[in-house]
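Biologist: Let's go through some charged pairs and the labels they get. Can you back each label with its cut-off?

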Amino acid sequence: RVVVPVEYNARDLIIYALGIGSKDPRYLSENHADFAAFPTYPIVLTFKGSSFDVLPFPPPTMMAFPLPPLQGVRVGLDAEKIIERVAAIPVAAKLQLSGRVVGVHQKGKGALVEKEFELADETGKVYYKIVDGIFLVGATDFR
C-alpha cells in the first residue's frame, strides 16, 4: 500500500460545493451551524493531495499510486468511482490517503485497472473508502 498525506480546509470545501453547483447552505457557508463537506468531496483528495496551489495533470498525488507496467497504452479514461462514506470528514484536516491496485482486467482492446483507497486520520480512523477504475486504451502484455 502507498500512503500519501492529504490536506484541505473550509475554503476547499466551499469551492468544491460551488463548483458542482450546490445550493445547500450546509456546504456553502462556514458559518452555517451544520457546515460540512459535500459527501463526494474526498474524491478530490486523490488529485489534490496536500497542495493548496494549481497542479499539473496528472498531479503528483495521482502518480504516487503506480499503474501496472502494461505496454501500448495510448490514453487512460476514467471508468468508475465508487465512494463509500464511513464517517463524516472534519471541516479541515490533515489526513492520509492509502491505496493500491486491486485488479487488472483485460477488456477488449485495453485494460480496466481498479485501485482502492482509504482516507484515514493518524489514529487509523477510516472516513472514506474509494474504488477508482481507469480504462487503459491499447494496453497489452498481460501476464
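Biologist: What makes Asp132 buried?

Modeller: Asp132 has a relative accessible area of 13%, and buried means under 20%, exposed over 50%, partly exposed in between (1.4 Å probe, protein chains only), so Asp132 counts as buried. Keep in mind that this is a predicted model, where local features need pLDDT of at least 70, side-chain atom pairs count only at pLDDT 80 or more, and totals for chains, interfaces and linings use all residues. Residues are numbered from 1 along each chain as its sequence is written, and side-chain values use heavy atoms, with hydrogens and water left out.

Biologist: Why is the contact of Lys81 with Asp132 called a salt bridge?

Modeller: The term asks for a side-chain nitrogen of Lys or Arg within 4 Å of a carboxyl oxygen of Asp or Glu. The closest N and O atoms of Lys81 and Asp132 are 2.5 Å apart, so the pair qualifies. Lys81 sits in strand E2 (residues 75-85) and Asp132 in strand E5 (residues 126-137), 51 residues apart; strands here are DSSP runs of at least two residues, numbered from the N terminus.

Biologist: And what is Lys81, buried or partly exposed?

Modeller: Partly exposed, because its relative accessibility is 31%.

Methods
Helices (H or I, at least four residues) and strands (E, at least two) are DSSP runs, numbered from the N terminus.
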